Amino acid sequence: MADNSAAAVQVNAHGEAHNPALLHHFAEPQQQRDAASLGMWVFLATEVMFFGGLFCAYLVYRRWYFGDFAAASKTINMGYGATNTAVLICSSLTVVLAVWAAQTARRTLLIVSLVITMLLGVTFLGIKGIEYREKFVEHHVPGASFSFDKVPIPGHPGQYANPRHAQLFFSLYFVMTGLHALHMIIGLGIFLWLLTMAWKGRFTPEWHTPVEIGGLYWHFVDIVWIYLFPLLYLIDRHP
Amino acid sequence: MSEHSKSSPLPTYFAVFFALLVGTALTVYAATLDLGKYNAAVALTIASVKATLVALFFMHVKGASEKLTKLVVIAALFFLLLLLGLTMTDYATRLWS
């Protein structure tokens, strides 16, 4: 092993043709890129199962307590959810622009796209924070002070939601949106790192793997929200 | 590097972006209609179309040179559907409860 690596270094020192962006165990840049994105996709597959368990729990309880879930869902502000969906879609656009900028060596566009993506991510979390605050004010946070009295079940006049079942909805709401928000915070950290790398000019058309892989992560988080929005906010909204 | 000198992908990106915004507006509008038991189906269909657009065009699953990537995506979906499908075949068919 030691002999091999020493030999490899020597070859480089002699200035023989070797792409500095290519690691030794890959035959060509395309293979290196494919390996990196494959690894990211395997990680995203585990994330699908991670969120999948929560979606599964949600489905079971939504079937059992549909009326209570519909009543609870109607108390969440749909406008915040819809705005946040649009914010995330915009951020996904700036992420593909960032990847494209890295591929085509446009440093300014890359930096601007990364900054806008992060601003949109912070906007999402800010709106989420306002929404959470309202839940605390309304005592809709599961726990000792939870209260959900006399909330009518949509489509069933004179019937009120069972607070215990509504509390289950809010537990799922906070765990699912909370886990999603945690992913957003991690995503912001990754993008801050990408930004410093881009600022130093580390990315080239030959090597910009972190931008591509960070982008995959951001898009995945967007996809999770694409499902969370209708499932949590829009159960039964018609008048 | 030849793979990067193809025609610009930007028109596709912007088309997908607008489709996603239209899908969001559509899903909000559909939620205000009384479609009975089809409300959930409509919402999930729109969400799945949006997710597919993001995966295919933004995450470059379409045009991925490595077939293994597509295999991983399909495997993830398969096991997710297995999880949800088999669970619901149990809970949705408990006629005694």
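Colleague: Among contacts in chain A between residues at least 6 apart in sequence, what share join residues at least 24 apart?
Modeller: That share is 75%. Two residues are in contact here if their C-beta atoms, placed from the backbone, lie within 7 Å.

Colleague: Before we go on, how should I read the numbering, and what kind of model is this?
Modeller: Residues are numbered from 1 along each chain as its sequence is written, while chains are lettered from A and ligands numbered from 1 in the order in which they are written. This is a predicted model, where local features need pLDDT of at least 70, side-chain atom pairs count only at pLDDT 80 or more, and totals for chains, interfaces and linings use all residues.

Colleague: Thanks! How many helices and strands are in chain A?
Modeller: Chain A has seven helices and zero strands. Both are DSSP runs numbered from the N terminus: helices are H or I with at least four residues, strands are E with at least two.

Colleague: And what are the spans of chain A along its principal axes?
Modeller: The C-alpha trace of chain A spans about 85 × 35 × 30 Å. Its radius of gyration is 23 Å, whereas a compact globule of 239 residues would have one near 18 Å. That radius is taken over C-alpha atoms, and the globule rule is 2.2 Å times the number of residues to the power 0.38.

Colleague: How much of chain A counts as buried?
Modeller: Of its 239 residues, 37% do. A residue is buried if 20 or more other C-beta atoms lie within 10 Å of its own, exposed if 12 or fewer, and partly exposed in between, with C-beta atoms placed from the backbone.

Colleague: Can you pick an example? Why does Gly214(A) count as buried?
Modeller: Gly214(A) counts as buried because it has 23 C-beta neighbours inside 10 Å. Gly214(A) sits in helix 7 of chain A. Leaving aside neighbours within four places in sequence, Gly214(A) is in contact with Ile190(A), Phe191(A) and Leu194(A). Leu194(A) is 20 residues away from Gly214(A) in sequence, with 8.1 Å between their C-alpha atoms.

Colleague: New topic: how many residues has the largest nonpolar core?
Modeller: That core has 75 residues, and those with the most contacts inside it include Phe169(A) and Val224(A). Helix 7 of chain A gives the largest share of this core, 17 residues. A nonpolar core is a set of buried Ala, Val, Leu, Ile, Met, Phe, Trp, Tyr and Cys residues joined through C-beta atoms within 7 Å.

Colleague: Which residues is Phe169(A) in contact with, leaving aside its neighbours within four places in sequence?
Modeller: Those are Asp68(A), Phe69(A), Ala72(A) and Ser73(A).

Colleague: Where do the two chains meet, and how many residues does each bring to the contact?
Modeller: Chain A brings 36 residues and chain B brings 39. On the side of chain A that touches chain B, the largest share, 15 residues, comes from helix 2 of chain A. That side of chain A divides into 23 nonpolar, nine polar and four charged residues. Ala, Val, Leu, Ile, Met, Phe, Trp, Tyr, Cys and Pro count as nonpolar, Asp, Glu, Lys and Arg as charged, and the others, Gly among them, as polar.

Colleague: What confidence does the predictor give the complex, and what does chain B average?
Modeller: The complex gets an ipTM of 0.91 and a pTM of 0.90. Chain B averages a pLDDT of 89, and 93% of the residues score at least 70. pLDDT is the predictor's confidence in each residue, from 0 to 100. Over residues 1-5 of chain B the pLDDT is below 50.
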